[in-house]
Amino acid sequence: MEHRPIAATVKTPAQHFTGDVYLTPVFSGDGTSRLVVGLVRFTPGARTNWHSHANGQLLQCTDGVGLVVSRDGTVIRLRAGETVWTPAGEEHWHGGSAENMMCHYAILDETPAGDATTWLEPVTDQQYRTANIAANATA
């Protein structure tokens, strides 16, 4: 068993995120496990770029209200206590809603090469507005 201290929270890089997003690393493997876990906090309107994961990604919302959106147009409103699984290779984005912050644990299995996440282009303001309208229509 190993107790690990709390890691410092960092602002995420602007080349992969729009708005104010903060990451607290939780776990990044130990030589026998490739598990990667981070607590991510999105301010209202903040979001990731489009991206995908080689081995999929599990998002567990801890607080607030957010969106998870796939290229096929599926929009999921994510609330505290809810979980979303994005399968391997599925292009998607996630972030806070227009009105609320959203915090989630991002959990994935890193690849041996360390390239489990493929970052793509930013989500446009129009794509973000469209997703919020769709989420509000099904709320």
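**View 1. His-92 and the backbone oxygen of Glu-90.** In this predicted model, the backbone oxygen of Glu-90 sits 2.9 Å from a polar atom of the His-92 side chain, a polar contact (N or O atoms within 3.5 Å; within protein, one must be able to donate a hydrogen and the other to accept it, and residues adjacent in sequence count only if both atoms are side-chain atoms). His-92 belongs to strand 10; strands (E, at least two residues) and helices (H or I, at least four) are DSSP runs, numbered from the N terminus. With 0% relative accessibility, His-92 counts as buried, the word for under 20% relative accessible area, with exposed meaning over 50% and partly exposed in between (1.4 Å probe, protein chains only).

Residues are numbered from 1 along each chain as its sequence is written, and side-chain values use heavy atoms, leaving out hydrogens and water. Because the model is predicted, local features need pLDDT of at least 70 and side-chain atom pairs count only at pLDDT 80 or more, while totals for chains, interfaces and linings use all residues.

**View 2. One face of helix 1.** Look for Tyr-128, Ala-131, Asn-132 and Ala-135, the buried residues of helix 1. Down the helix axis they fall within an arc of 100° (going by directions from the axis to the C-beta atoms), so they line one face. Over on the other side, Ile-133 and Ala-137 are exposed.

View 3. Val-69 has Val-75 in strand 8 as its bridge partner. Four residues lie between the strands, and Gly-73 takes a positive phi near 95° in this hairpin.

Terms used:
Two strands pair if DSSP finds at least two bridges between them.
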